[in-house]
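Hi everyone, thanks for making time this morning. Please have a look at the model on the screen, and then I'll walk you through it.

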Protein chains: 2
Amino acid sequence: MTSSQGESGLGPGALRERPVGLVGLGLIGGSLGLDLQAAGHEVRALVHRASTAERARERQLAQRIDTDPAVLQGCGLIVLALPLDRLLDPPAELLAALPPDAVITDVGSVKQPVLERWQPLHPRFVASHPMAGTAEAGVEAGLIGLFAGRPWVATPCSTTDPAALALVQELAAVVQAQWLCCEASAHDRAVALISHMPVLVSAALLEAAEQGGRAAGAEALVRQLASSGFADTSRIGGGNPELGALMARCNREAVLQAIAHYREHLAELETLVEQEAWPALQQRLQHCQALRPEFL
Amino acid sequence: MTSSQGESGLGPGALRERPVGLVGLGLIGGSLGLDLQAAGHEVRALVHRASTAERARERQLAQRIDTDPAVLQGCGLIVLALPLDRLLDPPAELLAALPPDAVITDVGSVKQPVLERWQPLHPRFVASHPMAGTAEAGVEAGLIGLFAGRPWVATPCSTTDPAALALVQELAAVVQAQWLCCEASAHDRAVALISHMPVLVSAALLEAAEQGGRAAGAEALVRQLASSGFADTSRIGGGNPELGALMARCNREAVLQAIAHYREHLAELETLVEQEAWPALQQRLQHCQALRPEFL
């Protein structure tokens, strides 16, 4: 699905007509601020703490940075670059400060609950998810070019304003992201499978290596012998715990369904080992080897 | 455990007195040949196919390379750098060609079955496992410096000749590996936890993403949205299928036990999501975050 230009008078280049507002200057907000300014856009930002504002000004993450929501007045597009839990429970003063004629979008990594919460709150809300990241967070994390070549997924619904959607698409184009539209529920099931459930799969591996090593009286040995394969497989399980728990919370149903799929496949592989069905096991692994490049 | 010099007359520098023999010139054998020659050792190698011998000579993986087991005559140390299945079922002509006074070691990634098979076959056998690798295999794969800084695990038993063990330790030192001794059974349980079971955990993730994507009608989407986290977690599951199946076969009991540990931990995490026990889930993920560096 791609959107055509809407009837509200916004056409290509509409993003340039008024400043872009950023709510939050962490990894995503800060990177957007840098990319937008580099492309010649005027950027204003609202942050929570005075100390953040100060540091963000030093880093020049936007032209105007304030802790007063009034900084958003006059913005044509406002990006809510907030953590998912704060996005789902927005403070009243933020809501009051959002101009009714501005287009509002978010960057949350779960879309159905965001859409349900925000669609009734603002007539020009567009749910979206730029899928880029690093291991860093906070006001120091933002960097130029974070979104280049990465997917920027929008999940419009039947009531989404097509012109608003087009403006968000223009933002994605400015930061050189790959624009993609899908249903919010499809997005959430997909990210559960390729991102949220894998965190738990990877975390369970770390726990199993720890406890299995202890049970075998080989606690030091498992640590000494772990190599790059273990490091790779355990990386996201050893990642940001707040984020991992938050994703599971906000995408609970899809994560549970993904774990159910996962459990089934692991049980099948376990049965093949149990039954010493080596050619069948090798065939399954051959399939996995052929499958993986499709995901890269 | 570290070994003292034995009583058979082999002391430090004994590795230099006679040529080192390599059986197989794949990734491990080829890399050993290059490192040993670079350190001034004389290397002779037995390979299976004439075409391999030819290519190995072009790559100068050893000074003498032949398909005739007689090439091993006069060697003081012989490294069986064979795939695990061939190592566990050695051809009679190879056994006949091994000088009774030579020290024999292997490079297999499972140690208990190798020790059980080879200890009765040769009085100076030492089971060992240099833990280094790349994604490559075959006569083109060997490279200089593969073992530097990587563990080289030996699993001596009560009847292992201490002087033979010392000679293998000297080999590990020449290639700058980290020498480590442990029980064969402890080795096998440890590698099941940090290497063999993770292959199945990672493979099940690929299968779940494929099948879950299909079930959600989002086959293309899961492939488009998969990012570096999924790439890392699925890497070893999409690796060499023969090797993955072979490890499960040769280390079956320890792999099944490791899967059981794993299943238990994943089920606990799943229950926390099901019960919406978010602080507890976050605590578990915090533990994983703290735990992972111990394995790096």
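Helices here are DSSP runs of H or I with at least four residues, strands are runs of E with at least two, and both are numbered from the N terminus.

Before going on, a word on the source: this is a predicted model, where local features need pLDDT of at least 70 and side-chain atom pairs count only at pLDDT 80 or more, while totals for chains, interfaces and linings use all residues. Residues are numbered from 1 along each chain as its sequence is written, and chains are lettered from A and ligands numbered from 1 in the order in which they are written.

Back to B:Gln60. Its phi is near 55°, a positive value in a residue other than glycine. Most residues other than glycine have a negative phi. B:Gln60 is exposed, because 12 other C-beta atoms lie within 10 Å. On this scale, 20 or more other C-beta atoms within 10 Å make a residue buried, 12 or fewer make it exposed, and anything in between is partly exposed, with C-beta atoms placed from the backbone.

B:Glu276 also has a phi near 55°. You'll find B:Glu276 in the loop between helix 11 (252-274) and helix 12 (278-291) of chain B, and with 11 C-beta neighbours inside 10 Å it counts as exposed.

Now for a buried one. B:Leu22 is in strand 1 (residues 20-23) of chain B, and it counts as buried, with 32 C-beta neighbours inside 10 Å. Beyond its neighbours within four places in sequence, the contacts of B:Leu22 include B:Leu32, B:Val43 and B:Val79; contact means that C-beta atoms, placed from the backbone, lie within 7 Å.

Let's move to chain A and its sheet. Three strands form an open sheet in the order 7-8-9, with mixed pairing; strands pair if DSSP finds at least two bridges between them. Strand 7 (128-130) and strand 9 (178-181) of chain A stand at the edges with a single partner strand each, so one side of each has no neighbour in the sheet. Strand 8 (residues 151-154) runs parallel to strand 9 of chain A, joined by 4 bridges. If you like tryptophans, A:Trp152 stands opposite A:Trp179 in strand 9 of chain A.

How is chain A divided up? The domain assignment, automatic or from a database, gives domain 1 (14-182) and domain 2 (187-295). Their centres, taken over C-alpha atoms, are 33 Å apart. Between them, 11 residues of domain 1 of chain A are in contact with 7 residues of domain 2 of chain A.

Finally, the two chains together. Here 78 residues of chain A are in contact with 79 residues of chain B. Helix 7 of chain A gives the largest share of chain A's side, 22 residues. Chain A can be laid on chain B with an RMSD of 0.0 Å by a turn of 180° and a shift of 0.0 Å along the axis, using least squares on C-alpha atoms of residues with pLDDT of at least 70 in both copies. The two copies are therefore related as by a two-fold rotation axis. In chain A, A:Thr233 comes closest to that axis, at 2.1 Å (C-alpha).

Definitions and conventions:
Two residues are in contact if their C-beta atoms, placed from the backbone, lie within 7 Å.
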